[in-house]
Amino acid sequence: MGSTIIGCGKSLPKLEVANDDLKALVDTNDEWISSRTGIRTRHVAVEETATDLAEAAARQALGLDAGGWCEGSAVDPSTIDLVIFATITPDVTVPSAAGLLRRRLGLEHAIAFDLNAACTGFVYGLTVAECMMAGSAAGAPGAAGRNPIRRALVVGAERLTRVTNWSDRNTCVLFGDGAGAAVLEWDESRPGIMSSFITNADDDTNALTCAFAIDAPIPFSADGVTPERIEDAALAHVDQELNIAELVEAGEPRQVLRMDGPKVFKFAAEAMTTAVHVALDRAGVSLDDVACIVPHQANERIIKYAAKKLGRPLDFFQLSIDHTGNTSAASLPMALSDAYADGRIKRGDKVVLVAFGGGFTSGAVLIEA
């Protein structure tokens with residue numbers, strides 16, 4: 001018995017930006033970007049909020065709107081018991097992004113909260129949802145002290161282009177905006193999520209960071225209350241911890257993604273293959289039993305490296321990066337939605353979902369569709 005995916009959906013902003021369009025911002029071109037990343041276009045949210053994108057993806061996953069994949073009839077929103085919203089770029093901090101989505105969709109019975117595990121957010125979200133659903137199923141529905149959770153909505157949505165440094169050609173070509181969603185149902189007759197593996201490693205060299213810019217001045221200094229409104233002095237400590245103090249002092253924006261590409265690549269390539277092996281081992285399943293792998297879409301080169309290490313051809317992996325770029329927590333659920341919509345995943349197939357991200361985070365989930 002397990003948490004089974006019964007619906008998937010995705011949403012991309014209207015504006016699509018091709019590689020050559022970025023020549024107006026930095027010294028780059030389509031050949032340089034596509035040959036190094038596999039990216040040809042990405043979508044940029046100009047008017048859409050992260051909640052807008054999440055709502056559109058969720059409505060597809062629930063079967064309320066066309067464009068996604070839904071097993072059977074549409075899901076009644078009132079039957080959703082849990083919403084987990086994975087993101088590093090929420091529209092607001094209070095209420096939570098999940099709370100906003102709950103309100104928009106009319107999920108009147110749902111527990112709702114956000115989760116930040118960077119690009120691995122959707123894998124973490126699935127794992128948390130499955131654990132909560134299994135814990136609920138272990139007791140009688142409605143038992144005292146326990147919330148019955150039979151259906152969950154797990155969403156990944158990002159507006160990474162709002163925290164992108166558009167003067168840095170090494171990073172600005174990588175990122176895009178979007179949202180993906182999946183509906184889970186507890187079904188005692190199906191395996192569903194067969195195993196999961198999530199883990200963290202310290203990013204000791206600050207290879208991938210994005211500070212949180214707080215621009216509201218405060219009337220306090222180290223000496224106490226002051227009639228002046230001054231910048232929060234603690235921001236300087238954060239800048240030092242992330243090793244960006246000199247950059248901020250030189251006038252660079254504080255809240256942008258900064259990345260040491262080679263170090264992230266080295267971590268990601270190893271973390272990805274390790275996570276796949278651990279998830280399979282925990283379920284006693286061989287890679288030969290798996291129909292396909294759906295990875296986080298960060299860089300096609302990383303996926304090619306993993307394919308070689310795992311001894312599988314590139315077409316064994318779902319590739320959607322060419323038209324999305326890296327959308328962090330939205331990346332994997334959007335690729336999963338593509339795989340379902342294209343008929344690549346069929347009932348009974350075993351599929352590995354794997355991701356890696358800042359933090360450093362990584363993990364994999366083995367599902368039986």
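1. Which residues does UniProt give for the feature "domain: Beta-ketoacyl-[acyl-carrier-protein] synthase III C-terminal"? The unreviewed entry places it at residues 280-368. UniProt positions follow the numbering used here, feature names are shortened, and annotations may be inferred rather than shown by experiment. In the model, the end C-alpha atoms of that span lie 12 Å apart, and the span is 29% helix and 22% strand.

2. A word on the ground rules before going further. This is a predicted model, in which local features need pLDDT of at least 70 and side-chain atom pairs count only at pLDDT 80 or more, while totals for chains, interfaces and linings use all residues. Residues are numbered from 1 along each chain as its sequence is written, and side-chain values use heavy atoms, with hydrogens and water left out.

3. Now the overall architecture. The protein chain holds 10 helices and 16 strands; these are DSSP runs numbered from the N terminus (helices: H or I, at least four residues; strands: E, at least two). The domain assignment gives domain 1 (2-203 + 259-368) and domain 2 (213-254), with bounds that come from an automatic or database domain assignment. Between the C-alpha centres of domain 1 and domain 2 there are 34 Å.

4. On overall dimensions, the protein chain has a radius of gyration of 21 Å, which agrees with the value near 21 Å for a compact globule of 369 residues. That radius is taken over C-alpha atoms, and the globule rule is 2.2 Å times the number of residues to the power 0.38. Along the principal axes, the C-alpha atoms fill a box of roughly 60 × 50 × 35 Å.

5. Of the 369 residues, 52% count as buried (buried is under 20% relative accessible area, exposed over 50%, partly exposed in between, with a 1.4 Å probe and protein chains only). The accessible surface comes to about 15800 Å², and 50% of that belongs to carbon and sulfur atoms; the areas come from the Shrake-Rupley method with a 1.4 Å probe, and for residues only the protein chains shown count as cover. Among contacts (heavy atoms within 4.5 Å) between residues at least 6 apart in sequence, 75% join residues at least 24 apart.

6. I would look at the aromatic pairs with some care. A search of the whole structure finds 4 of them. The rings of tryptophan 69 and tyrosine 340 have their centres 4.1 Å apart and their planes at 20 degrees, so this pair is stacked. Rings of Phe, Tyr and Trp (its six-membered ring) pair if their centres lie within 6.5 Å; planes under 30 degrees apart count as stacked, over 60 as edge-to-face and the rest as tilted. Tryptophan 69 lies in strand E4 (residues 69-70) and tyrosine 340 in helix H10 (residues 331-341), so the pair ties together parts that are 271 residues apart in sequence. Tyrosine 340 counts as buried, at 4% relative accessibility.

7. Another stacked pair is formed by phenylalanine 267 and phenylalanine 360, with ring centres 4.1 Å apart and planes at 15 degrees. Here helix H8 (residues 261-283), which carries phenylalanine 267, is linked to the loop between strand E15 (350-357) and strand E16 (361-368), where phenylalanine 360 sits; the two residues are 93 apart. Both phenylalanine 267 and phenylalanine 360 are buried.

8. The backbone has some details to check. Phenylalanine 360 also takes part in a cis peptide bond with glycine 359, with omega about -15 degrees. A cis bond joins valine 94 and proline 95 too, with omega about 0 degrees; proline 95 is found in the loop between strand E5 (82-86) and helix H3 (97-105). Most residues other than glycine have a negative phi, and most peptide bonds are trans.

9. Positive phi values deserve a look as well. Alanine 118 has phi near 55 degrees and lies in the loop between strand E6 (111-115) and helix H4 (121-137); its relative accessible area is 12%, so alanine 118 is buried. Asparagine 243 has a positive phi of about 65 degrees and lies in the loop between helix H6 (234-241) and helix H7 (245-249). At 63% relative accessibility, asparagine 243 counts as exposed.

10. Finally, a residue in domain 2. Valine 225 lies in strand E12 (residues 224-230) and counts as exposed, at 72% relative accessibility. Leaving aside neighbours within four places in sequence, valine 225 is in contact with Pro219 and Phe220. The C-alpha atoms of valine 225 and glutamate 71 are separated by 60 Å.
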